Amino acid sequence: MRIKTSIENYDKHPIDLFLDYFGYRNKLIKKYKDDIRKLEDKFENIEVMKELLKGYDYSREGIKEFLHSLMNLDKKEKTKDKVILSTIHSAKGLEWKHVFLVQCNEKVLPIYNGKELGDIKRDEELRLFYVAISRAKDFLTITHSQIGNNDKEQEPSQFLEII
């Protein structure tokens with residue numbers, strides 16, 4: 001059965017119909033079976049999306065308007081004057097006008113001691129460094145410390161020599 005026909009002929013919520021049609025909930029359950037918190041977050045996101053659809057007509061035109069409004073959500077949030085703190089891992093795929101990469105020191109970035117873990121670990125951390133510096137659209141500021149928490153001298157990251 002086509003989704004359009006289902007939406008027009010049933011009382012079920014259009015998002016539920018869509019998710020059922022593609023078996024999305026079962027895919028989420030399978031994917032996050034070992035991470036219940038992440039699964040709950042995904043189901044909560046579905047409920048938020050259903051809540052956002054309230055006020056829109058369930059017709060083809062209403063759903064098109066809803067999807068258009070979802071695409072413009074970030075424009076409405078006005079993140080211009082906000083600071084976003086992020087790990088390098090969670091920054092993948094995102095970009096910001098200004099990026100600050102702080103404490104770019106040996107044993108921080110990269111965290112490994114090259115003698116102990118070898119080139120494979122170094123390459124992984126070099127990729128993370130690249131992710132971090134490539135998140136900046138316009139400005140990238142990188143800092144390193146000369147003195148650490150234990151009042152010992154710290155070396156700048158070897159990765160700084162690459163850029």
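Select helices α3 and α4 to begin: their crossing is right-handed, meaning that the near helix is turned clockwise from the far one by less than a right angle. Helix α3 covers residues 24-31 and helix α4 residues 36-53, and their axes come within 9 Å and cross at roughly 160°. Those axes are lines fitted to C-alpha atoms over the stretch in contact, with angles running from 0 to 180 degrees between N-to-C directions. That makes α3 roughly antiparallel to α4, a label for angles over 145 degrees.

Show the side chains next. From α3, the contact (heavy atoms within 4.5 Å) is made by Tyr-24, Arg-25, Leu-28 and Ile-29, and from α4 by Leu-39, Lys-42, Phe-43 and Ile-46. Coloured by class, these residues divide into six nonpolar, no polar and two charged; here Ala, Val, Leu, Ile, Met, Phe, Trp, Tyr, Cys and Pro count as nonpolar, Asp, Glu, Lys and Arg as charged, and the others, Gly among them, as polar.

A word on what is on screen: this is a predicted model, in which local features need pLDDT of at least 70 and side-chain atom pairs count only at pLDDT 80 or more, while totals for chains, interfaces and linings use all residues. Residues are numbered from 1 along each chain as its sequence is written, and side-chain values use heavy atoms, with hydrogens and water left out.

Now select helix α2, residues 14-22. Pro-14, Ile-15, Asp-16, Leu-17 and Leu-19 are buried there, that is, under 20% relative accessible area with a 1.4 Å probe and protein chains only; exposed is over 50%, and partly exposed lies in between. Just after α2, look at Gly-23, with its positive phi of about 60°.

Move on to the loop between β1 (96-101) and α7 (114-133), where you will find Asn-105. Asn-105 counts as buried, at 0% relative accessibility. Leaving out residues up to four places away in sequence, Asn-105 touches Pro-110, His-144, Ser-145, Gln-154, Glu-155, Pro-156 and Ser-157.

Most residues other than glycine have a negative phi. Gln-103, however, has a positive phi near 50°, and Gln-103 is partly exposed at 33% relative accessibility. Lys-107, in the loop between β1 and α7 as well, has a positive phi near 70° and is exposed, with a relative accessible area of 57%.

Last stop: Lys-152, in the segment after β2 (136-142). Lys-152 is exposed at 54% relative accessible area. Neighbours within four places in sequence aside, Lys-152 is in contact with Gln-146 and Ile-147.

Key
Helix = DSSP H or I, 4+ residues; strand = E, 2+ residues; numbered from the N terminus. Parallel < 35°, antiparallel > 145°, perpendicular 65-115°, else oblique.
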